[in-house]
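Visitor: Please pick one part of this model and take me through it closely, residue by residue where that helps.

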Amino acid sequence: MARMQLVGAGKSYGSVRVIDDLALDIDDGSFTVFVGPSGCGKSTLLRMIAGIEEITDGQLIIDDEVMNDEGPVTRGISMVFQNYALYPHMNVEKNIGFGLKMAGLTRADTKERVEKVADILKIGPLLKRKPAQLSGGQRQRVAIGRAIVREPRLFLFDEPLSNLDAELRVAMRLEIAKLHRALGTTMIYVTHDQTEAMTLADKIVVLRDGAIEQYGTPTELYEDPDNLFVAGFIGSPRMNFLSANLRQSAAANTIETSAGTILQPGPLETKNVPTSGSIQVGIRPEHLRLGDDGDFNLKVTVDVVENLGGRYFVYAQTETKEDIIYEMRSANIPKPGDTVTLTADLSECRFFNPDGPRIRMATAH
C-alpha cells in the first residue's frame, strides 16, 4: 500500500499547458477515481503518476519519497490499460507471469504467484487458453491479474471497462470493488462514467481543463457540490437548473425563479453572490414530487416519460421553456402533454453564481 501526493504538479507540451499546478493527497489503501469529460486531463495525469509521461513541474511523492525521476517499477506501480495489451501468442498463465519472469523470479515462485492471482480472479480454468479464446471480460481479468501478480503498492486503472458491454461493465465493476477490499492496495481509477465513479470510489477527483474542480467523497460531491460544473456532472440524470433573481434586504432574502417560484432562503454567504442578482437554482430530480405543499412549487408540462421498470423519469418544461427532469416511483404516472405541479423542500435547493461558484447558506456563529 502507498500514500501518494502531487505537489504543484504540471504538464506542458511545448507552449500548451494541459495540467496546471495540481495538488492532491491520496490516502494509503484508498480507492480514488479521476472523473471528468473527454480532454479534461485525467488520463494524462494518470500517466504522469505511472511514469509514462514526464512531470513538467512540481513533485510526485510516494510514501514520502520524491519519484519524479524514477521508472514505474521503482515507483512500485502496476497499470491496467483500456485495451488489455495481452500477448496473443502466450497463454493466460504466461501473460500473467511474464513480468515476474523478466524480474528474475524462479519458475516455481512465478507459478505459485500466478496460481494465487488466478484463484483470486476466478480464472484458474483459463490458464492454458490464449487471449483469442477469451471473452472481453475474461481478457480484462487477465490484464488485472498481470498487474496484481507484481504485488505493487499502487494500482492504476485507465478506463479498463470502456470496451465491455453494459451488463459486463456492471459485473466487472463489482469485481474490482471486491478486489480492492480483498487486497487493500491503493488504487487510482480513471473513467468518464460518473456512475462508475460514484459506485467504486472512496474519494472522487472531478477534473476539468487540467484542474481539480472538487475532491471529496461521492456523497460530498453529490449533496454538497462546490460549483455548477460539479453539480451538473455528478448525478444521472443531472441536476435541474433554473434561472432566478436574488433580491437582498436587511429583513430577508427573496429568490424568484424565471418560472415564478418564490423562495426565501434565509442568510447567504456574500462572497459568491453576483452584483446583478442573477443566480441559478439547482435541484435534483429525486427531490421533486407532485403537489404544492413544499417550499419550492413549480408548474410544468410533460414532454416524455422514461419507464425504467421500478422507477420513471419524467422530462418536462416550465412555462418559460426551461427543461426539468423529475423522478417518480408510483403507478399514477402523468402522460405527455399533461400539466402538473411539482414541489420540493428548500433544504434540497442549491444556489449558484452563473459563473459557477456555489452560493452557500450562511452558518450561524
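Guide: Val35 ends strand E3 (residues 31–35), which pairs with strand E9 (residues 203–208) in the parallel sense over four bridges. Strands here are DSSP runs of E with at least two residues, helices are runs of H or I with at least four, and both are numbered from the N terminus. Two strands pair if DSSP finds at least two bridges between them.

A word on the model before we go on. It is predicted, so to speak of local features we need pLDDT of at least 70 and for side-chain atom pairs 80 or more, while totals for chains, interfaces and linings use all residues. Residues are numbered from 1 along each chain as its sequence is written, and side-chain values use heavy atoms, with hydrogens and water left out.

Now the sheet itself. It is open and has six strands, in the order E6-E7-E8-E3-E9-E10, with mixed pairing. E6 (77–80) and E10 (211–216) are at the edges with a single partner strand each, so one side of each has no neighbour in the sheet. From one strand to the next, the twist averages 20°.

Helix H5 (residues 136–148) lies across E6 and E7 (154–158), and runs at about 175° to E6. Helix H6 (residues 166–183) packs on the sheet and touches E3, E7 and E8 (186–191), its direction making about 160° with that of E8. Axes are lines fitted to C-alpha atoms, for helices over the stretch in contact, and angles run from 0 to 180 degrees between N-to-C directions. Contact means heavy atoms within 4.5 Å.

The structure holds six aromatic pairs. One of them joins Phe157 and Tyr189, tilted, with 5.7 Å centre to centre and 35° between the planes. Phe157 is in E7 and Tyr189 in E8, so this pair ties together parts 32 residues apart in sequence. Rings of Phe, Tyr and Trp (its six-membered ring) pair if their centres lie within 6.5 Å; planes under 30 degrees apart count as stacked, over 60 as edge-to-face, and the rest as tilted. Phe157 and Tyr189 are both buried; that means under 20% relative accessible area, with exposed over 50% and partly exposed in between (1.4 Å probe, protein chains only). Together with Phe31 and Phe155, they form one aromatic cluster.

Stay with Tyr189 for a moment. Beyond its neighbours within four places in sequence, Tyr189 is in contact with residues including Phe31, Val33, Ile176 and Leu200. In the largest nonpolar core, of 42 residues, Tyr189 is among those that touch the most other members, along with Val33, Val35, Ile123, Ile144 and Val206. Helix H5 gives the largest share of this core, five residues. Such a core is a set of buried Ala, Val, Leu, Ile, Met, Phe, Trp, Tyr and Cys residues joined through side-chain atoms within 4.5 Å. Apart from it lies another core of 28 residues, among them Leu242 and Ile283.

Finally, look at the loops around E7. Glu159 sits in the loop between E7 and H6 and has a positive phi, near 45°. At 14% relative accessibility, Glu159 is buried. Glu151, in the loop between H5 and E7, has phi near 50° and is exposed, at 53%.
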